[in-house]
Amino acid sequence: MGTFKIEGGHQLHGEITPQGAKNEALQILCAVLLTSEKVSITNIPDIVDVNKLISLLEDLGVKIQKKAQGSYTFMADDINLEYLQSTQFKEDGRGLRGSIMLVGPLLARFGKGYIPKPGGDKIGRRRLDTHFEGFIKLGAKFRYNKEEHFYGVEAKKLKGTYMLLDEASVTGTANIVMAAVLADGKTTVYNAACEPYLQQLCKMLNRMGAKITGIGSNLLEIEGVDSLGGTEHRMLPDMIEIGSWIGLAAMTRSHLTIKDVSWDDLGQIPTVFRKLGIQLERKGDDIVIPEHKDGYEIQNYIDGSILTVADAPWPGLTPDLLSIILVMATQAKGEVLIHQKMFESRLFFVDKLIDMGAKIILCDPHRATVIGHNFKSSLKATTMVSPDIRAGVSLLIAALSAKGTSTIHNIEQIDRGYENIDTRLRAIGAKITRV
Ligand SMILES: CC(=O)N[C@H]1[C@@H](OP(=O)(O)OP(=O)(O)OC[C@H]2O[C@@H](n3ccc(=O)[nH]c3=O)[C@H](O)[C@@H]2O)O[C@H](CO)[C@@H](O)[C@@H]1O
Ligand SMILES: C=C(OP(=O)(O)O)C(=O)O
C-alpha cells in the first residue's frame with residue numbers, strides 16, 4: 001500500500017496542465033478493436049487504469065507502439081480471441097471499470113465478447129444491466145456464470161433496432177454505440193448518455209467511417225456500416241482533474257492557472273464553482289484562479305434558501321466532482337447541501353473530514369450538509385486511507401490545506417486516475433512525498 005506524506009498549510013503558485021481525460025481514454029482505447037487498420041491516439045494519460053487497459057489490449061494481440069509520452073498507435077489486425085477464455089483474462093479484466101467496454105467492439109467485429117465483473121471504485125452498486133440489455137436488443141445471446149461472475153454475449157451478426165435505455169449509463173452508452181456501428185441497419189438509442197467522453201468517441205467513430213448522428217444529445221441514430229478504418233484522435237483534457245485543481249486552489253487560497261482546459265467542454269463545472277464563491281477568469285483557453293485572500297462565499301438561491309449541489313447525467317454536474325466540491329465547502333463562508341444521487345457509498349469519507357475538524361452532517365448515504373469555517377479555523381492534519389479515487393484526491397486537498405503533516409495510505413486509488421500527482425503538485429510548491 002503506497003503512502004503520501006503531506007505538510008499542509010502552504011500556498012501554491014504557478015501553472016498546471018491537465019492530463020488527458022481518463023474516462024474518455026478508456027472508451028477510445030476500446031474502440032481500436034473495431035478496425036484492423038492503424039489508429040493513432042495522443043494525450044493518453046499515464047495512469048494506472050489506462051495502462052492496465054493498454055496491457056489488456058496487448059494481451060488480446062493488438063500491436064501497440066509508443067511514439068512519445070501519451071502518444072501511441074494501435075493495430076488490431078490479428079486478435080487472439082482465445083485469450084478471452086483464459087484465467088489471466090479473468091484476473092486482469094476485473095482490474096478496472098473501463099474493461100467492460102471491450103465487450104461491445106469485440107461483439108460487433110468478432111461475434112463474441114466476454115468480461116469478468118469489472119472493478120473500479122467501490123462507491124456503491126454498479127450494475128451492468130443497461131449494457132447487456134442493449135446487446136440483447138441488438139440480437140446477442142447473453143450468458144452469465146454466477147460462480148465466476150463472468151459475462152458473455154454472442155451473435156453472428158447484430159441487427160439495428162430502437163432502444164430506450166433504462167438509465168443514461170456512460171460506459172453502457174459507449175458499449176452499445178460501439179456494438180451498433182457494425183450492425184445491420186439502423187439503431188436508435190434514446191436516453192443515451194452524452195458526456196464529452198461520448199461525444200469524443202462518436203466523433204472518432206465517424207472519422208473511422210461510422211454513421212452516427214445526434215452527437216451531444218440523448219438521442220443517437222447509428223446507421224450500421226460493413227467495416228471501419230483507421231484514424232487519429234486526441235483526448236480532451238480531463239475535466240475532473242480540472243475541477244480538482246480548482247478545488248485545490250480554493251482550499252489553499254493559491255493563485256493558479258490551469259492551462260488549456262477546453263472551456264467549451266466543461267459544461268456546468270465553472271458555473272457550479274462560481275456558485276460556491278470561487279472566482280474563475282477565462283484567459284484564452286486557460287482558467288485563472290486568483291488568490292482568495294478573503295475566502296469565498298457560497299451563494300444562496302434567489303429565494304434565500306440553501307444551495308444544493310447535486311449530480312445528474314450530462315449536461316448536469318458530473319458525480320465525480322462532488323467529493324471535491326464537498327471538501328472545498330468546508331472552508332467556504334456559508335452552507336451547502338451536497339446530494340450525491342448516483343452512488344450510495346461515495347460520501348462516507350466525510351468521517352475523516354469531520355475528524356480533521358470540518359463541520360459536516362451526513363444526513364444519509366446520499367446527502368451531506370456542510371457548514372463552512374470561512375478560514376476562521378483550519379483543518380487539522382491526520383492519518384487517513386484513500387477509499388476511492390475522488391475521495392482520495394479530496395482528502396489530499398484537505399491535507400494540503402491543513403495545519404501539520406498528514407499521511408494518506410492506499411494512494412493506488414489516486415494513481416488510478418491522476419498522472420504523477422505528487423511530482424506535479426511539488427512543481428507548484430506543495431510539500432508532498434511518496435513513501
Ligand atoms: C470509466 C467511467 O467512465 N466511469 C464513469 C462512468 O461510470 P459508469 O459508466 O460505470 O456509470 P453509469 O453511468 O453506468 O452509472 C453510474 C451510477 O449512476 C446511476 N445512474 C446513472 C444514470 C442515471 O440516469 N441515473 C442513475 O442513477 C447508476 O445506477 C450507477 O449507479 O460514469 C459515472 C457517472 O457519471 C462516473 O462516476 C464514472 O467515473
Ligand atoms: C468512479 C470513477 O472511476 P471508475 O468508473 O473507473 O471507477 C471516477 O473516475 O471517479
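Leaving aside neighbours within four places in sequence, which residues is proline 118 in contact with?

1. Proline 118. The model is a predicted one, and that applies to every point below. The contacts of proline 118, apart from neighbours within four places in sequence, are Gly93, Arg94, Leu96, Arg97, Ser99, Ile100 and Leu128. Proline 118 sits in the loop between E6 and H5. With a relative accessibility of 10%, proline 118 counts as buried, because the cut-off for buried is under 20%. For a sense of distance, the C-alpha atoms of proline 118 and alanine 332 are separated by 38 Å, and the two residues are 214 apart along the chain.

2. Domains. The chain is divided into domain 1, made of 3-19 + 237-434, and domain 2, which covers 22-234. To their contact, domain 1 gives 22 residues and domain 2 gives 22 residues. The centres of domain 1 and domain 2, taken over C-alpha atoms, are 31 Å apart.

3. Annotation. An unreviewed UniProt entry carries the annotation "domain: Enolpyruvate transferase" for residues 7-422. In the model, this span is 29% helix and 23% strand.

4. Aspartate 311. Surroundings of aspartate 311. Aspartate 311 is found in the loop between strand E17 (307-310) and helix H10 (322-329). Not counting residues up to four places away in sequence, aspartate 311 touches Leu317, Thr318, Pro319, Leu322, His339, Gln340, Lys341 and Met342. Proline 315 is placed in the loop between E17 and H10 as well. A cis peptide bond joins tryptophan 314 to proline 315, with omega about 15°. Most peptide bonds are trans.

5. Salt bridges, arginine 127 and glutamate 167. The count for the model comes to 18 salt bridges. In one of them, the side chains of arginine 127 and glutamate 167 meet at 3.1 Å, N to O. Arginine 127 lies in the loop between strand E6 (112-116) and helix H5 (129-137), and glutamate 167 in the loop between strand E9 (162-164) and helix H6 (170-180), so the pair ties together parts that are 40 residues apart in sequence. Arginine 127 is partly exposed, at 40% relative accessible area. Glutamate 167 is partly exposed too, at 34%.

6. Salt bridge, lysine 186 and glutamate 221. The side chains of lysine 186 and glutamate 221 form a salt bridge of 3.5 Å, N to O. Lysine 186 belongs to strand E10 (residues 186-190) and glutamate 221 to strand E12 (residues 219-223), so this pair links distant parts of the chain, 35 residues apart. The relative accessible area is 41% for lysine 186, which is partly exposed. Glutamate 221 is partly exposed, with a value of 29%.

7. Salt bridge, arginine 367 and aspartate 364. The side chains of arginine 367 and aspartate 364 meet in a salt bridge of 2.9 Å, N to O. Arginine 367 is partly exposed, with a relative accessible area of 31%, and aspartate 364 is partly exposed with 25%. Elsewhere, salt bridges that share partners join Arg127, Asp129, Asp166 and Glu167 into one network.

8. Backbone angles. Most residues other than glycine have a negative phi. Arginine 253 has a positive phi, near 50°. Arginine 253 is placed in the loop between helix H8 (239-251) and strand E14 (255-258), and is partly exposed, with a relative accessible area of 24%. Asparagine 374 also has a positive phi, about 55°. Asparagine 374 lies in the loop between strand E20 (367-371) and strand E21 (383-385).

Technical notes: Residues numbered from 1 in each chain as written. Chains lettered and ligands numbered in written order. Predicted model: local features only at pLDDT ≥ 70, side-chain atom pairs only at ≥ 80, totals over all residues. Heavy atoms only, no water. Helix = DSSP H or I, 4+ residues; strand = E, 2+ residues; numbered from the N terminus. Contact = heavy atoms within 4.5 Å. UniProt positions renumbered as here; feature names shortened; annotations may be inferred. Domains from an automatic or database assignment. Salt bridge = Lys/Arg side-chain N within 4 Å of Asp/Glu carboxyl O. Buried < 20%, exposed > 50% of the residue type's maximum accessible area, 1.4 Å probe, protein only.
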